[in-house]
Amino acid sequence: MSGIDLTDVVKRFGALTVIDKVNLRVGEGEFVVFVGPSGCGKSTLLRMIAGLEEISDGELQIGGKRMNETPPAERGIAMVFQSYALYPHMSVERNLGFALETARLAAGEIKERVSKVARFLKIEHLLHRRPAQLSGGQQQRVAIGRALVRSQKLFLFDEPLSNLDADLRMEMRVEIARIHRELKATTVYVTHDQLEAMTLADRIVVLKDGRIAQVGTPMELYERPASKFVASFIGAPRMNFLPGTLRRDTGASRLEVMGVTHTLDRIDYDGEISIGLRPEDLILGGGEVQIPAQVLLVEPLGGEALVHARVGDGQMLVMKVQGKPDLRPNADITVGWMRSKAHLFGADELALRAAEA
Amino acid sequence: MVRSNTRKRLHQVAIYSLFGIVALYTLFPFYWMIASSLKSGQAIFDVTFFPDLKFNNYAAILSDGVFLRSLLNSLIVAFSVVALSLVLAIAAAYALGRIDFRGRSPIMLLVLAVSMFPQIALLSGLFEMIRWLGLYNTVGSLIFAYMIFTLPFNIWVLTTFMRDLPKQIEEAAIMDGCSPLRIVRCIFLPMMGPALISTGLLAFIASWNEFMFALTFILTDENRTVPVAIALISGSSRYEFPYGAIMAASTIVTVPLVILALIFQKHIVSGLTAGAVKG
């Protein structure tokens with residue numbers, strides 16, 4: 001039993017509310033990722049689950065038991081920190097075994113569990129080194145090992161990969177995915193990197209200003225973002241936004257964007273909107289809706305290329321195209337998309353959906 | 001090429017001569033003390049730079065029960081001051097450096113203010129306190145008095161050091177189930193080694209060398225510490241001033257400090273240079 005239930009959880013620092021009535025259920029064995037820009041409260045929320053931060057209001061349950069007042073070590077949690085937080089004066093072996101030593105386990109059992117974890121993480125050869133003698137990736141493995149050795153049912157990761165360089169980050173991402181697959185422990189993972197969120201998560205929780213902006217599987221968030229904020233946060237390069245006007249008619253809506261008008265299924269909205277288009281959904285010289293544009297820059301990425309273009313009076317668009325398009329700066333092109341791929345957001349920045357959907 | 005070589009050499013000559021001057025300036029009195037202590041009788045009044053290596057001054061001073069007793073007193077006082085002020089300063093530094101509470105900075109300023117008074121200003125008040133506590137003419141009076149001066153400094157240095165220890169390491173220890181006492185003992189103290197060594201060493205030196213309190217608070221010979229004992233060494237008649245014995249005693253008293261400094265030198269330097277924790 002290691003699911004997490006957050007009910008109307010609030011965190012205040014003086015007059016400042018950093019977590020505002022968050023409700024969330026994390027199922028047993030689930031891998032949930034908290035994402036959001038810095039200052040959105042994702043780390044605070046994680047630290048509240050860990051017990052490093054007091055809960056001002058609301059209730060936290062772990063495994064069905066109220067945990068608000070339980071000390072961190074008794075919540076059945078293991079945590080991995082961004083800065084690894086290894087004890088610099090202890091060997092890797094002692095670092096791994098320290099929690100067990102604190103819990104007064106027999107020396108033999110500590111040794112056994114430490115070497116099992118070391119084998120699992122392939123750090124056996126490092127056991128007698130000090131943290132300062134390890135590379136960043138190795139330190140991170142030890143930090144994860146320190147969490148694993150306590151064999152808890154709930155893992156918390158606080159931006160564990162952000163101190164690593166790109167190559168190592170990918171390697172460790174795969175490693176964390178493997179650990180979760182093999183141990184099936186409930187995991188809450190905080191990151192500001194949407195790529196980590198997309199690749200690791202069973203479900204993503206997008207936070208903004210201390211509130212949950214949207215919860216869903218990576219593909220739900222990608223395909224049906226609930227707000228302009230979520231839409232621009234998930235996906236890279238980020239979604240393009242164009243201004244448009246939506247007019248309600250009997251049976252259908254008419255959308256005018258960059259001087260081009262087309263009809264859509266009826267949406268119960270009338271007025272200015274913004275149209276979100278993912279770079280990979282834009283089609284060069286095709287699509288159901290087409291608008292004229294001017295090439296600014298082509299960035300070849302090898303198998304594909306990013307085309308930066310200008311539409312109308314200075315609006316910028318990025319599109320992802322396959323191969324290497326033969327385009328020169330200032331060339332006139334048409335940019336198009338399928339109507340079903342356009343995301344519409346009203347003046348309140350929330351997603352608009354066709355009435356029957 | 002040639003020119004730059006000569007310039008380089010000149011540069012080196014300049015550096016080494018500066019070295020030489022500084023070394024001479026600081027080490028000569030020390031050398032003169034040792035040299036004088038190894039001369040005997042009237043030879044001490046001749047200006048010779050190479051002593052005749054006679055150890056009778058040392059033999060005399062080391063067979064002097066009063067001097068040996070004061071050496072022991074000094075060791076007791078210095079080690080007690082170091083141990084007590086480190087324990088108290090560590091506890092204070094944990095509270096002041098890691099726990100958020102109202103009035104933290106006024107306390108820090110108060111601690112600093114205490115160390116700003118000149119010793120002489122405190123002497124009479126302190127004397128009354130020591131009488132009242134019944135510590136007069138005991139080594140306890142000196143331990144008590146020296147702590148007033150070593151503690152504020154130790155608390156400041158250790159608090160600054162403790163505050164800069166990474167928060168996440170403490171949190172990791174909390175997640176590992178450590179109590180505050182275990183965090184301080186098993187995590188912070190080993191990480192603070194260099195700071196502990198330098199503050200401990202300074203407390204040791206301060207209490208080892210202190211003269212005024214030691215003169216004021218101690219009445220009888222058997223409770224004196226070495227600085228006063230040396231000052232009170234007298235010859236067999238009032239017309240004889242035993243320079244040789246004083247120099248020998250001074251040399252003996254300096255030895256523990258030199259040894260301590262040599263043992264811990266590496267740690268002091270590494271404590272000053274190594275601040276970063278993340279590798």
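Let me start with where the two chains meet. In this predicted model, 17 residues of chain B are in contact with 21 residues of chain A. On the chain B side, two helices each supply at least two of the touching residues: helix H7, residues 167–175, and helix H8, residues 180–191. H7(B) gives the largest share of that side, six residues. Sorted by class, the side of chain B that touches chain A has 10 nonpolar residues, three polar ones and four charged ones.

The largest nonpolar core has 149 residues. The residues with the most contacts inside this core come from both chains: A:Val33, A:Phe34, A:Ile49, A:Met79 and A:Leu156 from chain A, and B:Leu142 and B:Leu158 from chain B. Helix H6 of chain B, residues 139–163, provides the largest share of the core, 12 residues.

Now chain A on its own. Chain A has eight helices and 21 strands. Its C-alpha atoms fill a box of roughly 75 × 45 × 35 Å, taken along the principal axes. Of its 357 residues, 39% count as buried. If you take the contacts in chain A between residues at least 6 apart in sequence, 64% of them join residues at least 24 apart.

How is chain A divided into domains? The assignment gives domain 1, residues 4–232, and domain 2, residues 237–352. The centres of these two domains of chain A are 38 Å apart, taken over C-alpha atoms. Seven residues from domain 1 of chain A and nine residues from domain 2 of chain A make the contact between them. On the domain 1 side of chain A, the touching residues are four nonpolar, two polar and one charged.

Why can we call E7(A) largely enclosed by the rest of the structure? Because five of its five residues are buried. A:Leu154, A:Leu156 and A:Asp158 point one way from the strand, while A:Phe155 and A:Phe157 point the other way. Strand E6 of chain A, residues 77–80, is joined to E7(A) by four bridges, and the two run parallel. In that pairing A:Ala78 stands opposite A:Phe155. E7(A) also pairs with strand E8 of chain A, residues 186–190, again in the parallel sense, over five bridges. There, A:Asp158 stands opposite A:Val190. To get from E7(A) to E8(A), the chain passes through helix H5 of chain A, residues 166–183, and this β-α-β crossover is right-handed.

Now a helix, H1 of chain A, residues 42–50. Is H1(A) largely enclosed or largely open? H1(A) is largely enclosed by the rest of the structure, because seven of its nine residues are buried. Those buried residues are A:Lys42, A:Ser43, A:Leu45, A:Leu46, A:Met48, A:Ile49 and A:Ala50. A:Ile49 was on the list of residues with the most contacts inside the core. Not counting residues up to four places away in sequence, A:Ile49 touches A:Ile4, A:Leu60, A:Leu156 and A:Val188. After H1(A) comes A:Gly51, with a positive phi near 95 degrees.

On to a sheet in chain A. As a reminder, strands of a sheet pair through backbone hydrogen bonds, either parallel or antiparallel. Which order do the six strands of this open sheet follow? The order is E13-E12-E11-E14-E20-E21 in chain A, and the pairing is antiparallel. At the edges are strand E13, residues 260–265, and strand E21, residues 351–352, of chain A, and each of them pairs on one side only. Further in, strand E11 of chain A, residues 240–248, and strand E14 of chain A, residues 271–277, run antiparallel and are joined by seven bridges. One pair to find there is A:Asn240 with its bridge partner A:Leu277 in E14(A).

Last, the domains of chain B. Chain B is divided into domain 1, residues 2–37, and domain 2, residues 60–273. Their centres in chain B are separated by 34 Å, taken over C-alpha atoms. How many residues make the contact between domain 1 and domain 2 of chain B? Four residues of domain 1 of chain B are in contact with six residues of domain 2 of chain B. The domain 1 side of that contact in chain B has two nonpolar residues, two polar residues and no charged ones.

Definitions and conventions
Residues are numbered from 1 along each chain as its sequence is written. Chains are lettered from A and ligands numbered from 1 in the order in which they are written. This is a predicted model: local features need pLDDT of at least 70, side-chain atom pairs count only at pLDDT 80 or more; totals for chains, interfaces and linings use all residues. Two residues are in contact if their C-beta atoms, placed from the backbone, lie within 7 Å. Ala, Val, Leu, Ile, Met, Phe, Trp, Tyr, Cys and Pro count as nonpolar, Asp, Glu, Lys and Arg as charged, and the others, Gly among them, as polar. A nonpolar core is a set of buried Ala, Val, Leu, Ile, Met, Phe, Trp, Tyr and Cys residues joined through C-beta atoms within 7 Å. A residue is buried if 20 or more other C-beta atoms lie within 10 Å of its own, exposed if 12 or fewer, and partly exposed in between; C-beta atoms are placed from the backbone. Two strands pair if DSSP finds at least two bridges between them. A crossover is right-handed if, with the strands pointing away from the viewer, the path from the first strand over the helix to the second runs clockwise. Domain bounds come from an automatic or database domain assignment.
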